[in-house]
Amino acid sequence: MAFIGFPFTSNVEEDEHGQPIYDRAVGADFLQNLYKIDRGNGIVMLIDSTSCQVLQTSPASRYVTINPGYCFINGIRGYNDELVTVEIDAADSSLPRIDTIALRLDVTANKRCIEPVYIKGTPAQTPTIPPLVRTAQQYDLGIADIYIPSASTVVEQQFINDTRLKTERCGESLPLQAFDTTGLYDQMRDVITKNFDLIKSALDDTTAGFLQNQITDIVNNKLYPVGSFFFSDVITDITSQDSRCPWNFIVGSQWSEVKNAVIRAGTPIGYFGSDSLTLNVNQLAPHTHNFTPGPGKDFVTPGPGSGIGVGQNSGHEYPGHWFGQMWHTTQTGGGQAINILPRVKNLAMFRRDS
């Protein structure tokens, strides 16, 4: 095709049937190619930022709405002057999917229109966005992707991803030349994210700093103030690096060892000796004592339980052997459990000096 200028006034002639013939007439394809120079594909948002925006219904349902607005596709202008409702297919019972709402240019002979279309995605464990149709006969602008959770019954706004500003899916139609808004979209999102993270970090640092100061004050001045004591049955040396030692976590504090002693314990936990409070059999070796009475003396006693040798039940070392009115003069002890040890615990005491 040669260069064609537009517009020119046509000279009009008539054919043999009397119909006018315009010598500078142009077809739709010429105008479409000409308009492509003026604007790129996308939604026209210079007047209204909600142009062709997809929203949930109120209340939420299995339908979404498309706002009135303008679009431009391959040199053809589209205009919607009323709210359009689109039905979304029921959710899969076990797998999620992603559906797309698009504006489709269809130049086939029986269509020749721009209309909203619903593109259903494929249910999957990790669903993907369905592809748009872009051929010589049909061309889609994807204005929203909708995540459909498994077994869901309504479409909520939080699952509608507005893609009008994504150039690869739709983009904004701007005068003179196409403008890739993807970088701008990503830049705006990054700025918002960074600002949000900065504010969050500032709040976190402020809160964390305040709490840390409170914790430091409690540890340094209230938990173990100067002059207080620290007791331990495990730590026995002031040079210990054990993390439980207050001189290891109270920065700059000075401590001294006051006393290290064995004391009677109030509970059986951690005392020296058997947990049953008795010596086990053979802890005291078996041995024998011979008792010799003095001149004119014997071991006659008024009855069991008294005399020089008393039974095991009294807590002494030797079991008694009773023979009539006399205790046997030879006593054997040891080789058995006895109950004579007190509970004891080793405690070290340290004082904070500064």
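**Reading the sheets, the spaces and the confidence**

A: This model is predicted. Start with an open sheet of four strands, whose order is β10-β9-β11-β12 and whose pairing is antiparallel.

Q: Which strands stand at the edges of this sheet, and what is left on one side of each?
A: The edge strands are β10 (113–119) and β12 (160–162). Each has a single partner strand, so one of its sides has no neighbour in the sheet. From one strand to the next, the twist averages 25°.

Q: How many bridges join β9 and β10?
A: β9, residues 97–106, pairs with β10 over seven bridges, in the antiparallel sense. To find one of them in the structure, look for Ala 102, whose bridge partner in β10 is Val 117. The hairpin of these two strands has six residues between them, and Arg 112 takes a positive phi near 50° there.

Q: What about β11 and β12: over how many bridges do they pair?
A: β11, residues 138–148, pairs with β12 over three bridges, again in the antiparallel sense. Ile 146 has Ile 160 of β12 as its bridge partner.

Q: Which strands form the three-stranded sheet, and in what order?
A: The order is β3-β6-β7; this sheet is also open, with antiparallel pairing. β3 (42–44) and β7 are its edge strands, each pairing on one side only. On average, neighbouring strands here are turned by 30° against each other, if direction is ignored.

Q: Where can I see the pairing of β6 and β7 residue by residue?
A: These two strands pair over five antiparallel bridges. Gly 69 has Asn 80 of β7 as its bridge partner, and Cys 71 is bridged to Gly 78 of β7. Their hairpin has two residues between the strands, and in it Asn 74 takes a positive phi near 50°.

Q: Now the empty spaces. What shows where they are?
A: A probe the size of a water molecule is rolled over the atoms, and this shows where empty space is left. In this structure, the largest pocket holds about 160 Å³ of space. It is lined by 14 residues, of which Tyr 79, Asn 80, Leu 103, Ile 114 and Pro 116 are the closest to its centre.

Q: Which strands supply at least two residues each to the lining of that pocket?
A: They are β6 (69–73), β7 (76–80) and β10. Sorted by class, the pocket lining has nine nonpolar residues, four polar and one charged.

Q: How many cavities of 30 Å³ or more does the structure hold?
A: There are two. The largest cavity has about 40 Å³ of space. Its lining includes Arg 62, Asp 89, Ile 148 and Ser 152. By class, six of the lining residues are nonpolar, two are polar and two are charged.

Q: What is the mean pLDDT of the chain?
A: The mean is 74, and 65% of the residues reach 70 or more. Where pLDDT is low, the predicted coordinates should not be read in detail.

Q: Where does pLDDT stay under 50?
A: One such stretch is residues 265–283, for which the model has 37 contacts beyond four places in sequence. Over residues 290–331 the pLDDT is also below 50, and that stretch has 73 contacts in the model beyond near neighbours in sequence.

Conventions: Residues are numbered from 1 along each chain as its sequence is written. This is a predicted model: local features need pLDDT of at least 70, side-chain atom pairs count only at pLDDT 80 or more; totals for chains, interfaces and linings use all residues. Side-chain values use heavy atoms; hydrogens and water are left out. pLDDT is the predictor's confidence in each residue, from 0 to 100. Contact means heavy atoms within 4.5 Å. On a 1 Å grid over the protein atoms alone, a cavity is a set of points where a 1.4 Å probe fits but cannot get out, and a pocket is an open set with protein on both sides within 12 Å along at least five of seven lines; lining residues have an atom within 4 Å of a point. Grid points are joined across faces, edges and corners, and a volume is the space filled by probe spheres set on the points. Ala, Val, Leu, Ile, Met, Phe, Trp, Tyr, Cys and Pro count as nonpolar, Asp, Glu, Lys and Arg as charged, and the others, Gly among them, as polar. Two strands pair if DSSP finds at least two bridges between them. Axes are lines fitted to C-alpha atoms, for helices over the stretch in contact, and angles run from 0 to 180 degrees between N-to-C directions.
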